[in-house]
Amino acid sequence: MIQYIPFKVIGIFVAAIVPVGVIAYYADTLNHEVGFRGVGMWQDESVERLANLADQNQLPLQIPQGSMEGNLAVNQYQNVQVLGHLSVANFGTLMAVLNQWVAPKDGPMENRNCGYCHNVQNFASDEKYPKVVTRRMFQMTWHVNSQWQRHVGNTGVTCWTCHRGQPVPQYRWNLEEEGPQRGQGMLGYMQEQNQANWYAGLTSLPNTALQSYLLDDMNIRVQGTDIYPGHRSSIKQTEWTYSLMMHFSNSLGVNCTYCHNSRRWGSWEQSPLTRTTAWHGIRMVRDLNNTYIASIDGVVPREGAYTSHQRYGALDDLAKINCATCHQGAYKPLLGQQMLAQYPVLRAAVPQPEPDPDDVRIEDGRIEFDGKIQFRTGSAEVLPVSGELLDHIATLAKNHAYEIAGLRVAGHTDLQGDPRQNFELSEQRAASVVAQLRERGVEVPIGSLGYGTLAPLCTEATAACNRQNRRVEMVIVPEGEALLPADAPEAPPAAEVLEGESVEGATAAE
Ligand code: HEC
Ligand code: HEC
Ligand code: HEC
Ligand code: HEC
């Protein structure tokens with residue numbers, strides 16, 4: 001007898017606890033109507049699950065994005081192919097965002113943060129594949145947000161939607177191997193079934209449904225569309241369809257009735273609008289997998305420093321997108337929070353601007369540029385053709401005000417003509433360039449001076465050498481240093497003294 005006592009005790013406990021549990025469960029459930037009025041379609045939600053969902057779908061700390069005003073990235077950097085239209089300020093803050101959204105925060109130091117995508121000794125280099133993949137990911141994100149609004153609406157997606165701070169999105173899928181042979185003949189062929197898989201809700205439904213429907217465009221049908229033999233859907237197709245539907249329900253954390261009226265599964269008339277959204281979603285996912293993911297298969301290396309996550313599957317294919325990649329258990333990704341609105345640069349692709357032909361840049365402590373500021377012959381008047389170059393210089397100076405404590409603008413002439421006059425002309429030309437920069441809103445302290453013929457770059461009496469010597473230089477003055485150099489040149493003696501000397505003879509001392 002004695003051995004039955006524990007069972008009785010358990011029985012009493014079960015009898016007492018189960019009803020309490022059931023009541024507690026329902027007390028903890030919210031429900032709301034999803035279908036058209038009168039069709040009686042309700043969605044039950046556990047309060048606890050909703051609270052967990054809210055926890056899992058937090059947005060990352062918002063990083064304020066830099067102003068879109070100012071010098072373009074395409075002019076500032078050497079190798080920008082898709083983000084060239086951003087301002088330098090905006091570009092910089094976007095890099096910080098990529099860091100937060102996709103770069104790994106652990107693993108080898110040199111592969112973390114900026115180092116995930118960059119050789120930090122040379123940011124322009126494409127040697128690390130995540131940088132190359134990232135360009136493609138921008139194009140994919142722009143494509144989703146601008147071309148698939150029938151699915152993503154105005155809510156759209158960001159890198160965070162799929163990545164959530166990880167280099168490889170948590171929810172992804174690979175092609176499945178055909179199951180192991182169990183035996184001979186009829187027993188042997190498993191029809192890709194009976195291997196519990198997550199996306200079919202751990203049922204024994206076939207595991208190749210995603211391939212058929214989210215990569216290939218097989219027809220998702222259970223009910224035949226007409227009465228003729230051969231036009232029906234096979235049992236195999238039916239099972240695939242149900243496997244896919246389980247994936248939908250799991251990915252969105254909803255019941256079948258979120259999209260169907262269960263008394264007529266196939267009827268569009270009786271389905272809530274969510275089913276139409278899902279219909280577009282299926283087409284979108286096929287497009288993304290075939291266009292974008294297919295194009296980076298192979299760019300992501302099969303071995304190397306980053307292979308700790310499984311990216312390639314048993315059939316050596318790269319991880320792909322399914323409904324869970326974005327939704328992650330929520331009826332709308334991130335529970336519909338409007339994250340994209342904070343990062344408008346992710347909305348649509350913008351044609352890349354041509355780089356600035358003057359190539360204005362900061363180099364060796366100077367503002368350098370190709371081309372020349374041109375003046376009327378013998379005058380300090382800047383010619384209108386140089387307006388654009390001055391615009392570019394001014395933009396750069398304004399954008400880099402933080403690293404330009406002061407500027408020294410120095411005029412130089414060629415060696416032809418009277419040195420005294422040349423000296424004065426070069427002073428006036430430098431001053432006139434400063435005036436042009438001020439007009440364009442450059443506010444950093446600027447000192448100007450002229451060297452005339454006193455600091456030539458070459459001394460041959462050739463047109464090429466003359467051209468090289470006629471120039472305006474812009475030196476960045478380090479913090480705490482005087483705007484004008486201590487060894488600023490003195491004006492050479494007036495012309496009378498040198499009278500009688502030939503032009504060539506006026507070649508200044510070095
Ligand atoms: C997830 C990848 C990724 C991360 C992380 C990342 N970048 Fe980038 N970075 C890129 C891509 C892609 C480009 C090229 C953009 C283009 O082609 O339009 C780029 C370009 C640049 C450039 C321009 C280089 C040149 O001269 O062409 C700089 C500078 C830069 N990044 C700085 C940073 C800094 C600083 C960080 C860390 C805060 C960082 N990046 C983090 C992907 C990344
Ligand atoms: C719709 C979901 C989705 C969005 C949005 C998305 N990605 Fe991805 N991303 C993926 C998938 C899937 C892969 C393939 C996984 C792999 O490479 O193994 C991937 C791969 C990558 C990789 C290579 C990972 C690795 O090391 O293998 C990088 C880097 C990356 N994405 C960056 C970005 C950036 C930056 C953005 C935003 C501009 C972005 N992704 C937006 C789904 C997405
Ligand atoms: C997120 C929305 C969504 C969820 C959840 C969903 N379905 Fe579907 N279902 C669809 C869409 C969309 C189609 C039609 C696909 C197409 O035509 O390409 C479909 C098609 C079907 C079909 C085929 C109808 C026909 O015309 O033959 C059946 C059966 C079906 N679903 C059953 C289910 C079952 C059972 C569940 C729950 C396990 C479920 N669905 C969950 C969206 C959904
Ligand atoms: C690229 C990311 C992404 C992928 C992949 C994706 N969705 Fe969505 N889905 C969204 C976004 C974003 C919304 C929210 C749209 C809005 O707010 O209007 C959404 C909304 C929906 C809705 C409407 C929910 C509602 O309550 O209105 C359904 C249903 C849906 N998705 C089903 C699917 C199915 C099924 C798949 C897989 C075939 C899928 N989604 C794949 C991004 C995605």
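Strands are DSSP runs of E at least two residues long, numbered from the N terminus. The model shown in these views is predicted.

**View 1. E33 lies in strand 1.** Strand 1 covers residues 29-33, and E33 belongs to it. E33 is partly exposed because 13 other C-beta atoms lie within 10 Å, while a residue counts as exposed at 12 or fewer and as buried at 20 or more.

**View 2. E33 has contacts beyond its sequence neighbours.** Leaving out residues up to four places away in sequence, E33 touches M41 and W42. Q43 is ten residues from E33 in sequence, and the two C-alpha atoms are 6.2 Å apart in space.

**View 3. Ligand 4 has 25 residues around it.** The closest to ligand 4 are G153, T155, G281, C323 and C326. The shell around ligand 4 consists of 13 nonpolar, eleven polar and one charged residues.

**View 4. Several helices contribute to the shell around ligand 4.** At least two residues each are supplied by helix 7 (149-152), helix 10 (235-252), helix 11 (273-296) and helix 12 (323-327). Helix 11 gives the largest share of the shell around ligand 4, with six residues.

Notes: Residues are numbered from 1 along each chain as its sequence is written. Chains are lettered from A and ligands numbered from 1 in the order in which they are written. This is a predicted model: local features need pLDDT of at least 70, side-chain atom pairs count only at pLDDT 80 or more; totals for chains, interfaces and linings use all residues. A residue is near a molecule or strand if its C-beta atom, placed from the backbone, lies within 6 Å of it. Helices (H or I, at least four residues) and strands (E, at least two) are DSSP runs, numbered from the N terminus. Ala, Val, Leu, Ile, Met, Phe, Trp, Tyr, Cys and Pro count as nonpolar, Asp, Glu, Lys and Arg as charged, and the others, Gly among them, as polar. Two residues are in contact if their C-beta atoms, placed from the backbone, lie within 7 Å.
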